[in-house]
Amino acid sequence: MLLIDSATKDLTPWLKAFKKHLPEKEVITYDEITDPSLVEVAVVWQHRKELFSELSKLKLVASLGAGVDHILQDPLLKPQVPVSKIVSPLLSTPMSNYCIGAILYYHKQFDKYALDKADKIWDQQFDPERKVTIGILGLGQLGTDLAEKLHLLGFDVHGLSQTKKNLKYATTYGANELETFLSKVNVLVCMLPRTKETTGIINHELLYQLPPRSFLINVGRGPQQVNQDIITALDEGQLSGAFLDVFPEEPLPSNSPLWMHPNVFITPHIAVVTKMEAAVPQIVENYQRLKEGKGLINLIDRSKGY
């Protein structure tokens with residue numbers, strides 16, 4: 001049996017989508033559980049706290065997105081239970097498009113021209129483009145897709161990953177070369193998964209290794225950024241601006257100073273939203289593989305956290 005649970009999503013369309021692929025009685029929500037021991041697969045996004053303690057026969061936990069930190073942080077999840085994530089071009093393309101939009105916003109000075117419009121200023125500059133060298137922090141599926149597309153647009157691209165990768169469209173660095181990587185770029189895009197090591201990584205120490213007046217884009221995970229350190233870097237001129245889609249607390253509290261900062265652009269965690277047509281077939285395939293005793297797909301390495 002496959003169970004879907006979320007404390008934040010409307011599960012009605014998801015239930016309908018899963019029932020198109022599986023017998024209706026094999027797909028349930030938490031409120032429909034009569035015998036928890038029959039549940040073998042839990043499909044979750046921000047699930048209820050007690051869920052994993054009740055599912056004694058659980059054989060797979062499937063995330064409804066590319067992120068799995070909401071699952072791995074649950075102390076009730078047994079260490080032997082595998083965890084899967086969604087992998088699809090239907091995720092990488094929207095993410096790359098979002099990041100390219102944010103980069104062009106900075107590169108073409110759209111922030112400046114919005115202010116000029118408000119003040120009725122006609123400033124026809126000889127060279128209206130800011131000079132940018134882009135650094136991608138995290139070269140997983142999403143990061144490598146962005147690097148390739150930025151290269152095709154003619155940008156100078158650098159990328160850092162835990163283990164150095166060989167990419168023809170980007171200069172790459174390993175985790176032990178972080179300082180060198182940061183010194184080479186003035187637009188930093190964070191696309192890291194959330195792990196113990198990456199929590200709080202966008203802090204004062206990291207930001208001040210970038211060249212002065214750099215620009216920050218965070219589409220990774222909210223807990224990776226220290227809000228006050230970003231504000232300090234902006235106020236001191238170390239950062240010229242920030243384009244933020246994720247935050248340590250979501251929704252972003254109305255009293256957060258980020259809302260009012262003139263050099264911060266905010267979006268409400270919408271850089272990429274999981275498409276049902278991408279997620280459901282993958283999860284259904286894993287469910288069927290599990291029942292047939294076959295190897296599972298899109299599993300994360302729980303020791304790494306992604």
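**Entry 1: a cut-off to start with**

Buried means under 20% relative accessible area, exposed means over 50%, and partly exposed lies in between. I keep in mind that this is a predicted model.

**Entry 2: the salt bridges of Lys 112**

Side chains of opposite charge can pair when their charged atoms come close. I looked up the partner of Lys 112. The side chains of Lys 112 and Asp 123 meet in a salt bridge, with N and O at 2.7 Å. Lys 112 sits in helix H5, while Asp 123 is in the loop between H5 and S6. They are 11 residues apart, and the pair links distant parts of the chain.

Is Asp 123 buried or partly exposed? I found 32% relative accessible area, so Asp 123 is partly exposed.

I also noted a third member. Lys 112, Asp 116 and Asp 123 are linked in a network of salt bridges.

How many salt bridges does the structure hold? I wrote down 11.

I picked out Glu 129 and Lys 108. Their closest N and O atoms are 2.9 Å apart. Glu 129 has 32% relative accessibility, so it counts as partly exposed. Lys 108 has 30%, so it counts as partly exposed too.

Glu 285 and Arg 289 form a salt bridge at 3.0 Å, N to O. Both lie in helix H10 (residues 276-292), 4 residues apart, about one turn of the helix. Glu 285 is partly exposed at 33% relative accessibility. Arg 289 is partly exposed at 24%.

**Entry 3: a charge without a salt bridge**

Next I turned to Asp 245. Its place is in the loop between strand S11 (239-244) and strand S12 (264-266). Asp 245 is buried yet has no salt bridge.

Which side chain of opposite charge is nearest to Asp 245? I found Arg 221, 8.0 Å away.

I then checked what the Asp 245 side chain does reach. It comes to 2.8 Å from the backbone nitrogen of Ile 270. Beyond its neighbours within four places in sequence, Asp 245 has contacts including Tyr 98, Asn 218, Glu 250 and His 269.

**Entry 4: a sheet of five strands**

Strands of a sheet pair through backbone hydrogen bonds, either parallel or antiparallel. I looked up an open sheet of 5 strands. Its order is S2-S1-S3-S4-S5, and the pairing is parallel. The edge strands are S2 (27-29) and S5 (83-84), each pairing on one side only.

I went through the pairs:

- S1 (residues 2-6) and S2 share 3 bridges, and Leu 2 has Val 27 as its bridge partner.
- S1 and S3 are joined by 5 bridges, and Ile 4 stands opposite Val 43.
- S3 and S4 pair over 4 bridges, and Ala 42 stands opposite Val 61.

Why is S3 largely enclosed by the rest of the structure? I noted that 4 of its 5 residues are buried.

I also looked for helices on the sheet. H10 lies across S1, S3, strand S4 (60-63) and S5, running at about 170 degrees to S4.

Most residues other than glycine have a negative phi, and most peptide bonds are trans. I looked for exceptions.

Which residues does a cis peptide bond join? I found Glu 250 and Pro 251, with omega about -5 degrees. Pro 251 is in the loop between S11 and S12.

Gln 109 is not a glycine, yet its phi is positive, about 60 degrees. Gln 109 is in the loop between H4 and H5. Its relative accessible area is 9%, so Gln 109 is buried.

Arg 213 has a positive phi as well, near 70 degrees. Arg 213 is in the loop between helix H8 (204-207) and strand S10 (214-218). With 48% relative accessible area, Arg 213 is partly exposed.

Conventions
Residues numbered from 1 in each chain as written. Predicted model: local features only at pLDDT ≥ 70, side-chain atom pairs only at ≥ 80, totals over all residues. Heavy atoms only, no water. Salt bridge = Lys/Arg side-chain N within 4 Å of Asp/Glu carboxyl O. Buried < 20%, exposed > 50% of the residue type's maximum accessible area, 1.4 Å probe, protein only. Helix = DSSP H or I, 4+ residues; strand = E, 2+ residues; numbered from the N terminus. Lys, Arg positive; Asp, Glu negative; His and termini not counted. Polar contact = N/O pair within 3.5 Å; in protein donor to acceptor, adjacent residues only side chain to side chain. Contact = heavy atoms within 4.5 Å. Pairing = 2+ DSSP bridges. Axes fitted to C-alpha atoms, helices over the stretch in contact; angles between N-to-C directions.
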